Amino acid sequence: MTAAPFPAAPVGDAPVGTGPSPSSIPTGGTDTGGVHADHDRLRRVRALAAEVLADAPAHQRELFDVRLSKWWPDLWEGLAELYPAAAAEDLGHRLVTLAATSFAGRDSELHHLDLVRTLSPDWFQSQSMLGYAAYAERFAGDLAGVAGTIDYLHELGVTYLHLMPLLTPREGDSDGGYAVADYRSVRADLGTTEDLRALATALRHAGISLVLDLVLNHVAREHEWAVKARQGDPKYRAYFHVFADRDEVDAFEATLPEVFPDFAPGNFTWDDDLQGWVWTTFNQFQWDVNWGNPDVLFEYAGIVLFLANLGVEVLRMDAIAFMWKRLDTNSQNQPEVHAIARTLRALARIACPALAFKAEAIVAPADLVQYLGQGRHYGKVSDIAYHNSLMVQIWSMLAAGDVRLAVEALRGLPPVPPTTSWVTYVRCHDDIGWAIDDTDAWRSGLNGWEHRKFLSDFFSGEYPGTPARGLVFQSNPATGDRRISGTTASLTGLEAALAAGDGSAVDTAIARISLTYALIMGWGGIPVIWSGDELAQLNDPAWDTEPGHGADNRWAHRPRLDWALAERRHEPYSIQQRVFDALAHLQRVRSEQPQFHASVPARITDVADPAVLPVLREHPLGPLLGLYNVSDSWRAYPWQSLAALGLESGVDRVSGDRLTYGDDGNLWLPPYGFRWITAG
Ligand code: GLC
């Protein structure tokens, strides 16, 4: 079929349709640098895309050309930061060809979604977004089973479903699927790629975006690239960081922390086949890939577009902080990781703009905000990032019954771009590590080391009188770190209360669960419920009985969803009914308040009581003040502070009641109580 003539998008600001046709543009061009070189480069890639799309309908060729013209500069700047000019140029051409090919193969429903999302680029910032995260098999058996849970997810108000790694992993221990052996097929016991496409489609029709992991720091030792490297293919050996010499390894080790000091000490693994040490930040079977090699970026670009064309709407960039290595550093948060994110993001904006990126960077507060784009990467990297700092502070506030450290830490975070969003979460499939800054601790009158120790003692159940029943994960005697595993219910005291048969302690634990979820729903962003928390599921006592799980107690908080327990959500006054309905109710309320849109900053205002966290969200439609009592006693918030915001005769949106005051003029909050107050 011959394509109709199509009006090419111009380079620069001229109106669409008046520019030169890409195919009439000479593809040679001397690279003199500066604006002319930029124009030449853009002309060349537009011509390239026009060739690839020669048989596509005119409107599609125009659309691709407009997007390429808009986003190529971002893509190029990312590449130019990562690679020498010639390699960057060559890779740029390969990526544009790839993007155009993938665009041509994208199905019409997804093209339509691209259009819709381009018109509402804030879709993932909406206050109606609510996330749910689960392992497909532990939640619903397989992919078809997941499709059968849509009504359940709707009951909670879920609009975003993160299914834990489900691409084909290595056999045996695969770190919960984070050791991928093949990115282009689905784990056989879960279904096929066509089942994945069908699930993504069913979810989308139900208003739920599918979120999948993109494990891009490492592959399984059994992945084809690693197999070929082990067979001696130099092309693939160069996909990894391999050192023949132990001295080189030791030079890196001198400044590297250990992620799994218990079961995978060190950061390198000797491999007989390679006759060398290969970089393995995580487990010995997870080989870190070398992003300094442009071929690696090209491979992952293909995987990104493949997943996007299956209908995945958000990619979680796993362990993104570790992707670039540099001697004499901890090889985390290097500037190049942002250039990589920028490149992949720009590529997706050209080929499949419905796709959003989420950074999984569990790093110190100061490094965290970089992942949403600061400085020259402003607005150009991930759209979404995990608010690890908020998560840590929630647990710290609960243990201490005091908000002052949280106030220091959260106030100290630089502003994030208004086009981005946090994922807020109480806990996830990973352990909780005490990412608390010593200076923040000192400013709030604490010693950082002692406070971290206190938190580990408190949540592992060792601290006298603590209601928490967590497990210590990766105790590191060298640093004193002891991370914590546990479900929300077990960490907030429900397990201990049930064991003691103490009804009032059960009530307190439920109040704490509701408070933690109110905090993440009230902060702004996408709050994510970890599967089972909505039913107050406890730690799985048999967590170590499945093959490959024995050494990793994170499986204690990844229980299979107990569907018998889920039925109890319909039984009035059952624990499940109280927790499930509390979460669903909070989301219903939240979705009606525009102040919760992620573009509205959360600001900690007047701290009148060290046990009450006041979070203000100022919106042109009026302010919303969240008040959270993190202690086990009644606490007051002064009328004057509410009056200063014009909220003294406001309404608490959670209960629907107008505010009433004690005789002393204070608004009183019960133990672990909270309010979302608007003017009414
Ligand atoms: C991320 C995952 C974690 C995994 C690690 C290595 O941090 O959340 O579960 O162990 O990456 O892939």
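**Close-up views of a predicted model**

**View 1. A loop residue with positive phi, Asn-333.** Asn-333 is found in the loop that runs between strand 11 (314–318) and helix 13 (335–351); the model shown here and in the views that follow is a predicted one. The phi angle of Asn-333 is near 55°, a positive value in a residue other than glycine. Most residues other than glycine have a negative phi. Asn-333 has a relative accessible area of 17% and is therefore buried, the limit for that class being under 20%.

**View 2. A second residue with positive phi, Tyr-573.** Tyr-573 belongs to the loop between helix 22 and helix 23 (575–591), and its phi is near 70°, again a positive value in a residue that is not glycine. With a relative accessible area of 71%, Tyr-573 is exposed.

**View 3. The surroundings of the ligand.** The residues around the ligand are Asp-175, Tyr-178, His-218, Phe-260, Phe-282, Gln-286, Arg-316, Asp-318, Glu-360, His-429, Asp-430 and Arg-554. Sorted by class, this shell has 3 nonpolar, 3 polar and 6 charged residues. Of the 310 Å² of accessible area that the ligand has on its own, the protein covers 95%.

**View 4. An aromatic pair between two helices, Tyr-152 and Trp-563.** The structure holds 37 aromatic pairs, and one of them is formed by Tyr-152 and Trp-563, whose ring centres are 4.8 Å apart and whose planes meet at 65°, so that the pair counts as edge-to-face. Because Tyr-152 lies in helix 7 (residues 150–156) and Trp-563 in helix 22 (residues 563–567), the pair ties together parts of the chain that are 411 residues apart in sequence. Tyr-152 is buried, at a relative accessible area of 5%, whereas Trp-563, at 32%, counts as partly exposed.

**View 5. A cluster of rings and two charges placed over rings.** Ring pairs link Tyr-183, Trp-225, Tyr-236, Tyr-239, Trp-291 and Tyr-300 into a cluster. Over the ring of Tyr-236, a member of this cluster, sits the charged end of Lys-235, at 5.4 Å from the ring centre. Arg-349 lies over the face of Trp-71, with a distance of 4.4 Å to the ring centre.

View 6. Ser-69 has its place in helix 2 (residues 58–82) and, at 15% relative accessibility, counts as buried. A polar atom of the Ser-69 side chain lies 2.8 Å from the backbone oxygen of Asp-65.

View 7. Val-215 is placed in strand 5 (residues 209–215) and is buried, with a relative accessible area of 1%. The C-alpha atom of Val-215 is separated by 6.3 Å from that of Met-317, although the two residues are 102 residues apart along the chain. Tyr-135 is placed in the loop between strand 1 (131–134) and helix 5 (136–140), and it counts as buried at 2% relative accessibility. Tyr-135 and Gln-577 are 442 residues apart in sequence, and their C-alpha atoms are 23 Å apart in space.

Methods:
Residues numbered from 1 in each chain as written. Predicted model: local features only at pLDDT ≥ 70, side-chain atom pairs only at ≥ 80, totals over all residues. Heavy atoms only, no water. Near = heavy atom within 4 Å. Areas by Shrake-Rupley, 256 points an atom, 1.4 Å probe, with all protein chains shown as cover. Nonpolar A, V, L, I, M, F, W, Y, C, P; charged D, E, K, R; others polar. Phe/Tyr/Trp six-rings, centres within 6.5 Å; stacked < 30°, edge-to-face > 60°. Helix = DSSP H or I, 4+ residues; strand = E, 2+ residues; numbered from the N terminus. Buried < 20%, exposed > 50% of the residue type's maximum accessible area, 1.4 Å probe, protein only. Lys NZ or Arg CZ within 6 Å of the ring centre and 35° of its normal. Polar contact = N/O pair within 3.5 Å; in protein donor to acceptor, adjacent residues only side chain to side chain.
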